[in-house]
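Open the model in your viewer and keep the sequence panel beside it. The stops below say what to select and what is there.

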Amino acid sequence: MVRPDRRPVKADWGELADLVNGRVLGPGDPGFAEASQAFNKRYASVRPARVLSAASVSDVAKAIIWARDHGMPITPRGGGHSYAGFSLAPDGLVLDLRGLDDMRIDAETGLVTVGGGTRMGALYAALQPHDLAIPLGNSDDVGIGGLVLGGGVLAVSRAFGLTCDALIETEVVLADGTVVTANATEHPDLFWACRGGGGGNFGVNTSFTFRTRPTMDSSTCLLLWHGEHARDVLIQMQEVMRRAPNLFAARLGISRAAGEDGVMSVIGQHLGPAGELREILGPALAVATPFRADIEDKDYWQAKDYLHHITSGDPFAARTRCASEPLSEAGVVAAVAAVEKWPGSGNPDGAGVALFTWGGAINQVPATATAFPHRDALFLVSMDTSWSAGDSPEVAADNLAWLSALYEEMGEFATDAAYVNFTDPDLAGWQNAYYGPNLARLIDVKCRYDPDRVFSFPQAL
Ligand SMILES: Cc1cc2nc3c(=O)[nH]c(=O)nc-3n(C[C@H](O)[C@H](O)[C@H](O)COP(=O)(O)OP(=O)(O)OC[C@H]3O[C@@H](n4cnc5c(N)ncnc54)[C@H](O)[C@@H]3O)c2cc1C
C-alpha cells in the first residue's frame, strides 16, 4: 500500500538488501560515489541515500514496491547523463540499471533487443560486426533509456529518423511492480508515451527492441572559421541546410572558450561520398575561407568515431528553442553578439549557440504519432554555457544570467518549443515547451500508469 503522505520513514535498507539480488550501496561503499553522481557536475552535491545496482527485472520490481510501501523516492538511472541531474533521487533510492545490459541481435529479422541500462558504446560495439544501424548518439556513456524515451536526435536522424522512431517494443516495470510489454498493440498508449515523453515518467523500462537498418558509407566534415566570419557563414549555412538532402545533417556552431576568440564551426555527417558533400557545402565555403576544412570519406563506423563527443562533464547548462525556418539576419546577429559578450569561465568547453539541423525523416512522422512533438523544426537552437568546479559562485551566476538573457533574446527569432533531452531545469512552461500538442495525452498516460506519482522529479509529468 502507498503511504499517503509520501514522506520517507526511517528506511530499513537491510530489508531492501534482503529482497534483491543486486547490491545496495551506501556512502563509503565501493562504487557508490560513481553510481550516485550526475554527469553534469553542476549537481555534484546532490546524492541519493542508497543505490541499488539492479541485477534483474525482478530486482527492479521488488525495489519499486519496497520504495512505494516505504514512501521512499525512487529514480531509475541509465547512463546518468541527464543535463539536469534528474536520475538522482536526493536522499532517496537510485535504481542503477547499468547491469541490465544484455543484448540480443537477430540478424535474420534485423531486430535488436537491449537491456534498459545499456550504454551507447556497448550497443555500437554489438551492432558493428553485423553492420546494422540504429540512430544512436555520439557519447559512449549516454544510456539508451534516457536517449530513446526523450526521442533521440542524431546526425543520421534526418535520414533514419529518431531513436524512438526505430523502437518497436519496450518492457516496462510499472509503479505497482507489474511488468508489461508495450508495443503497437499491447499498452499502446504507454508505448506512444515512451517515444518522446521523457525518461523517468511512466515506469522503469527494462528492455527496448529496435528495428535496425543497413549502414551507409558516409563522409564527414569539420569546418572552422574565425569568429569575424560567423555572421555571414551562419546566414549562408542555414540556407545550405534548408536545401540539403536528408542524407546530410550538420551542427552549425558559434562558440567561445575562455581567453580565445570566437569560432564558427560546421560539423556533420553525410550518408554519401565526400565529393557530394563538398558540393553541398560549396556556397558556405565561398563566403570565407575556413582556417580548417576537413571533408573526408568514411565508412559508417569511422564516421561515428569521428563524431564521438567528449566533454569533461564540468558544470554546464543548456537551453533550447526550435526554428522551422533559418534564423533571420537579425537573429544571427543577436546570437553572434551574445557569444562575443560571454562573461567567461575556467571551463575549456566555453559557451555558444549551436543550430542542430533537424527535419527530413524526423518531420515525415505526424507530430502526434509519437510523444515527440517537434516534427516541424528545421533547427534545434541550443544555447549553452559551462564553468568549472573551481570557479567562484559569481562566475557560475554570471554564466547562468548570460544564458537566460540569450534565451530571452532568441525568443524573438525562434519558438518556445524545447527538447526534453537537453533538459533545462530553469525553463518556465516546460510542459508545453517539451510536449506541445502531446501534453494532455501524456498527462493522461501518467495518471493511468503512475496515479500515485511514485516516479517523481522536478519536471515529472
Ligand atoms: C555528452 C552528451 C551527449 C549527448 N548527445 C546527445 C545526442 O547526440 N542526441 C540526443 O538526442 N541527446 C543527446 N544527449 C542528451 C541525452 O539524450 C540525455 O541526456 C539522456 O536523457 C541521457 O540518458 P541517460 O540514460 O544517460 O541519463 P540518465 O540521467 O540516467 O537518465 C535520464 C532520464 O531518463 C530516465 N531514465 C534513464 N533510463 C531509464 C529507463 N531505462 N527507464 C526509465 N527511465 C529511465 C532517468 O530517470 C532520467 O529521468 C547527450 C547528453 C550528453 C551529456
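Rings of Phe, Tyr and Trp (its six-membered ring) count as a pair if their centres lie within 6.5 Å; planes under 30 degrees apart are called stacked, over 60 edge-to-face, and the rest tilted. The structure holds 16 such aromatic pairs. This is a predicted model, in which local features need pLDDT of at least 70 and side-chain atom pairs count only at pLDDT 80 or more, while totals for chains, interfaces and linings use all residues. Residues are numbered from 1 along each chain as its sequence is written, and side-chain values use heavy atoms, with hydrogens and water left out.

**Stop 1: an aromatic pair**

Select Tyr 83 and Phe 316. A pair of aromatic rings is described by the distance of the centres and the angle of the planes. Here the pair is edge-to-face, with 5.1 Å from centre to centre and 85° between the planes. The pair links distant parts of the chain, 233 residues apart: Tyr 83 is in the loop between β3 (74-77) and β4 (93-96), and Phe 316 is in strand β16 (residues 316-323). Helices (H or I, at least four residues) and strands (E, at least two) are DSSP runs, numbered from the N terminus.

Buried or exposed: what is the state of Phe 316? Buried means under 20% relative accessible area, exposed means over 50%, and partly exposed is in between (1.4 Å probe, protein chains only). Phe 316 is buried because its relative accessible area is 14%. Tyr 83, at 23% relative accessibility, counts as partly exposed.

Now widen the selection. Tyr 83 and Phe 316 belong to one aromatic cluster with Phe 39, Phe 356, Trp 358, Phe 372, Tyr 419 and Phe 422.

**Stop 2: charges over a ring**

Select Tyr 407 with Arg 319 and Arg 321. A charge sits over a ring if NZ of Lys or CZ of Arg is within 6 Å of the ring centre and within 35 degrees of the ring normal. Arg 319 lies over the face of Tyr 407, at 4.3 Å from the ring centre. The charged end of Arg 321 also sits over the ring of Tyr 407, 3.8 Å from its centre.

**Stop 3: the ligand**

Which residues come nearest? Of the 34 residues around the ligand, these are Pro 76, Gly 78, Gly 80, Ser 87 and Tyr 419.

The shell divides into 13 nonpolar residues, 20 polar and one charged. In this count Ala, Val, Leu, Ile, Met, Phe, Trp, Tyr, Cys and Pro are nonpolar, Asp, Glu, Lys and Arg are charged, and the others, Gly among them, are polar. β3, α5 (144-150) and β10 (204-211) each supply at least two residues of the shell. The largest share, four residues, comes from α5.

Next, look at oxygen atoms of the ligand. An N or O atom in the side chain of Tyr 419 is 2.6 Å from a ligand oxygen. A backbone N or O atom of Gly 80 lies 2.8 Å from an oxygen atom of the ligand, and a polar backbone atom of His 81 is 3.0 Å from an oxygen atom of the ligand. Taken alone the ligand exposes 950 Å², and the protein buries 94% of that. Accessible areas come from the Shrake-Rupley method with a 1.4 Å probe; for residues, only the protein chains shown count as cover.

**Stop 4: two polar side chains**

Select Arg 98, in the loop between β4 and β5 (103-106). Arg 98 counts as buried, at 16% relative accessibility. Its side chain makes a polar contact with the side chain of Asp 96 (2.8 Å). A polar contact is a pair of N or O atoms within 3.5 Å; within protein, one must be able to donate a hydrogen and the other to accept it, and residues adjacent in sequence count only if both atoms are side-chain atoms.

Move to Ser 386 in strand β18 (residues 379-386). Ser 386 is buried, with a relative accessible area of 3%, and its side chain reaches the backbone oxygen of Gly 350 at 2.7 Å.

**Stop 5: backbone angles**

Most residues other than glycine have a negative phi. Select Asp 131, which has a positive phi of about 55° although it is not a glycine. Asp 131 is in the loop between α4 (120-127) and β7. Arg 453 also has a positive phi of about 55°, and lies in the segment after α14 (439-449).

Terms used:
A residue is near a molecule or strand if one of its heavy atoms lies within 4 Å of it.
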